[in-house]
Amino acid sequence: MDIPPLAEVRRRTEKQRDAWWTVLLVDPVATPLVRWTAKWTRLSPNQITWGSLILGLLAAACFAQGDWQWLAAGALVYHCSFILDCMDGKLARLTGRGSEFGAWLDYIFDRVRVLVCAIALMGGQFRSTGETAYIWLALAVVFLDMLRYLDALEIRKVRQGMRRKLLLRADAAALTGGEDASNGSTELRRPEPEADATALTSVTSGTSGASAPRISTPRLFFTRFPGYVRFRDFLVDHRIRTHLISGIEFQMAVFIIGPLTGAIVGVTIGAGVLLLMFELALVYRLLLATREFERVMASYGPEDVTTAQPAESAPSATATR
């Protein structure tokens, strides 16, 4: 296949918004490598995923040694592993060779890498120092990584359920009133943005000028935190998502910054606290969204049982490259 210029590769493969670590420290390396890989090799996205896991296990082996030189080597190898982890998805988007199995493989290998590296890093420090705090830190790292993934999946599931219910009610109301709800349906069925994962898309319906009630988490959130808008716009202009301490930054703090600075305990605890704070902010935004959703649903009047959909019918999130 013909490989486009680098600028076009960036447009096709880089996410509209991403973690600041990825935008600033990974994409400048990963995107040119993806173009080179697609042009000069026959590597598949799944093969790169396997390469990422192998490097992650190598990083764990370095961490387990406990000495600073090995910790620094492990941090470098871990960063290279993460670059490959970003490359597999980019290569899949560029070449169209992605698959559902590849998405699953990528997700599972990410969790395996974090688990093995956490045990190796903290186990190596425990062997060197005898301090039981490192055992608790290993458990904390694994728990927080699991928690943030479960939180993201459940928040997305709740959002999709609310969007589906709102779509059904808007369509039913438009049909009852003799209006066309196609515009509202189209808006609701648009792919959800990767950033602002707890925001509900505003809904409008009716080609005759009538509008369905609007539901938007950011509107409620921004009225309570007006200074946030300027901060968000600055980040968006630089392709950085507002969730500044996500699982990516948490991993990099634990497995790169901590080992390089020799402050594994302090960095891990600090990153864990910040991760929890940002996760709580997401939950708070979800709470605002559910309250607005209930208000909008109530504005339609009593619910027709024919339009009701159980929460379990909402499609669950799946890992995507």
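**Helix packing and buried side chains**

Let me start with L137: this residue is buried, with a relative accessible area of 8%. Buried here means under 20% relative accessible area, with exposed over 50% and partly exposed in between, using a 1.4 Å probe and protein chains only.

A word on the source. This is a predicted model, where local features need pLDDT of at least 70 and side-chain atom pairs count only at pLDDT 80 or more, while totals for chains, interfaces and linings use all residues. Residues are numbered from 1 along each chain as its sequence is written, and side-chain values use heavy atoms, with hydrogens and water left out.

Now the overall picture. The protein has 11 helices and zero strands. Helices (H or I, at least four residues) and strands (E, at least two) are DSSP runs, numbered from the N terminus. Read along the sequence, the pattern is α-α-α-α-α-α-α-α-α-α-α. Of the 321 residues, 47% are buried. Take the contacts with a separation of 6 or more: 77% of them join residues 24 or more positions apart. Contact means heavy atoms within 4.5 Å.

Back to L137. Its place is helix α6. Leaving aside neighbours within four places in sequence, L137 is in contact with M122, V265, T268 and I269. L121 is 16 residues from L137 in sequence, and the two are 9.8 Å apart in space, C-alpha to C-alpha.

Next, how α6 packs on α11. Helix α6 covers residues 133-176, and its angle with α11 is about 15°, with the axes 10 Å apart. Axes are lines fitted to C-alpha atoms, for helices over the stretch in contact, and angles run from 0 to 180 degrees between N-to-C directions. So α6 and α11 are roughly parallel to each other. The cut-offs: under 35 degrees is roughly parallel, over 145 roughly antiparallel, 65 to 115 roughly perpendicular, and the rest oblique. The contact of α6 with α11 has 21 nonpolar, three polar and six charged residues. Nonpolar covers Ala, Val, Leu, Ile, Met, Phe, Trp, Tyr, Cys and Pro; charged covers Asp, Glu, Lys and Arg; the others, Gly among them, are polar.

Which way does α10 run against α11? Helix α10 (residues 247-261) packs on α11 (residues 264-299) at about 165°, with their axes 8 Å apart. That makes α10 roughly antiparallel to α11. Residues in α10 such as F250, V254 and I257 take part in the contact, and the α11 side includes V267, A271 and L275. By class, the contact of α10 with α11 has nine nonpolar, five polar and no charged residues.

Staying in α10, look at Q251. Is Q251 buried or exposed? Q251 counts as buried, at 4% relative accessibility. Not counting residues up to four places away in sequence, Q251 touches Y78, R111, R113, V114, D145, R148 and I256.

Then D110, which lies in helix α5, residues 100-129. D110 is buried too, with a relative accessible area of 9%. Not counting residues up to four places away, D110 touches D85 and Y149.

For C62, the nearest cysteine sulfur is that of C117, 9.5 Å away. C62 counts as buried, at 6% relative accessibility. C86 counts as buried at 15%.

Conventions. A disulfide is a pair of cysteine sulfur atoms within 2.5 Å.
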